[in-house]
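Please look over the fold below.

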Amino acid sequence: MSNVDPLNLLLITSDQHRRSAAGCYGHSLAHTPNLDGLADRGVRFDAAYCNFPICVPSRASLATGRYAHELGVWDNAAPYTGQRPSWGHRLVERGHPVTTIGKLHFRRPDDDTGFPDQRIPMHVKEGVGDLYGSLRPDVPRQRNYLNTAANPSVGESEYMRYDAATTRQAIDWLATDAQRHTSPWCLWVSYTLPHSPFVASAEDIARYPLEDMELPINFRSADWPRHPHTDYIREQRIQSPDEELDETLVRRTIATYLAMCTYLDRQIGSVLEALNQLGLGSTTRVIYTSDHGEMLGDHGMWGKNLMYEGASAVPFLMAGPDIAPGRVVPQPVSLVDLFPTIVEGVGAPLADQDADLSGMSLWPAAHGDPLPDRTVFAEYHASGCREAMYMLRDGTHKYVHHVGDPPQLFDLSADPDETRDLATDPKSGLLLERFERHLRTVVDPEAVDRAAKADQARRVQAGGGLELISRRGPIAGGTPAPNQFREG
């Protein structure tokens, strides 16, 4: 039996928020007072990771507690359809109200995903998604990530309008629906920022003078890591092997991204303020996290698609009336931990078929008990990736396995910026062997790579074929918001 008292749960998620871009995670300039306040009165997880560093597969893992290879969700054109139960199913089965507001990035609202009450949902475009990301390994060269990074602007994006509407609907739900429920409820408020395009208001950008912006890790092309996978994805999706963006432009892009984080934080603050003003703070726990990060120029890379900290590490905060303030958890966690955490926190039991879930409930850690030593897992099979890529992260090290290419190994305790790849060091041999053995207890790397490519090839053919999808290119600007939030 659980020792956690059932309470309401407010889950807040964002899109593409790198862990380091918040004051509570040590950024000296990021103006995120509401997230910082959440960390001050709750628990901050310092080694939290997504399980797939792009949107659609990551959100499928977040919802189901299962890895992408278990679900057959390989890229942004293979959305979750309800093929395995979500934590929403478990709550609804036991009579706990579940409402989502904002971005889900599943297939369609009428799929049985366990979330029957979806308010202004954003799903994959036209129920299909971005088939360009299914093209492997012969991807036509597109500079879409670089073009996005090179065009920061001042104004209001459709994502900003959509997120503002998400906030309004969340506040309305707390003021009306929440009051009617007698059993613990779960409200999932899901934002799109700080996902690109890089657009923010002049007022928010003004908080970030260009001269104060730190340049990315390994900013100069001479310092970029040279690995077959990073070289390939950089050339296919980003830039030429030695092409640097102008330093002032990079500072503008970073400032705009931080301004977007500030806008996001303000939206979150409005929801948290309403929660407390309505008298719900004493009966509601809050979790905040993001689906993946943003490279933001580190190591010459932009966007996601990688296992570097910028793309795979995410913020993860928990707070509530029974959670001791100011606690920091150093042990690794990941988004698959949300399934058992949410189900237990609201007071619903796990089903027998959940016995093989890879995640674990985080309430013991939130309440002061140390997590056991553990290793978390992530994978990548999508855009720009010739062969599958897998990550393991234990208490000190990160291991990245590339099918057909050399591995990477970083000692994050000594090298948090991942500037020294230890995989070529003869002294790392035993550690590399240990990590690979562990990886093969989780997944068959080569077999899953073959399965992903075969499934992607079928979907590419069904979607019009290589030539048509190549000519059309990736979805410009990301998945569009619902129609009412677009210009025109």
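What follows is a short report on this predicted model.

## Basis

This is a predicted model: local features need pLDDT of at least 70, side-chain atom pairs count only at pLDDT 80 or more, and totals for chains, interfaces and linings use all residues. Residues are numbered from 1 along each chain as its sequence is written, and side-chain values use heavy atoms, with hydrogens and water left out.

## The sheet

Eight strands form an open sheet in the order 5-4-7-1-9-10-2-11. The pairing is mixed. Helices (H or I, at least four residues) and strands (E, at least two) are DSSP runs, numbered from the N terminus. Two strands pair if DSSP finds at least two bridges between them. The edges belong to strand 5 (117–122) and strand 11 (327–329). Each has a single partner strand, so one side of each lacks a neighbour in the sheet. From one strand to the next, the twist averages 10 degrees. Angles run from 0 to 180 degrees between N-to-C directions, and axes are lines fitted to C-alpha atoms, for helices over the stretch in contact.

Strand 2 (residues 42–45) and strand 10 (residues 316–319) run antiparallel, joined by three bridges. R44 has L317 in strand 10 as its bridge partner.

On the helix 6 side, the contact uses M160, D163, A164, T167, A170, I171 and L174. Helix 10 supplies Y263, Q267, S270, V271, A274 and L275. These residues divide into nine nonpolar, three polar and one charged. Ala, Val, Leu, Ile, Met, Phe, Trp, Tyr, Cys and Pro count as nonpolar; Asp, Glu, Lys and Arg as charged; the others, Gly among them, as polar.

## The loop between strand 9 and helix 11

D298 sits in the loop between strand 9 and helix 11 (309–312). Is D298 buried or exposed? It is buried, with a relative accessible area of 6%. Buried means under 20% relative accessible area, exposed over 50%, and partly exposed in between (1.4 Å probe, protein chains only). D298 touches R18, P216 and I217, not counting residues up to four places away in sequence. Its C-alpha atom is separated by 8.6 Å from that of W224, 74 residues apart along the chain.

N305 is in the loop between strand 9 and helix 11. Its phi is near 70 degrees, a positive value in a residue other than glycine. N305 counts as buried, at 1% relative accessibility.

## Other backbone details

H105 lies in the loop between strand 4 (98–103) and strand 5. Phi of H105 is positive, near 65 degrees, in a residue other than glycine. Its relative accessible area is 2%, so H105 is buried.

Where do the cis peptide bonds fall? One joins L193 and P194, with omega about 5 degrees. Another runs from S196 to P197, with omega near 15 degrees. P194 is in the loop between strand 7 (186–190) and strand 8 (199–200). P197 lies in the loop between strand 7 and strand 8.

Notes:
Contact means heavy atoms within 4.5 Å.
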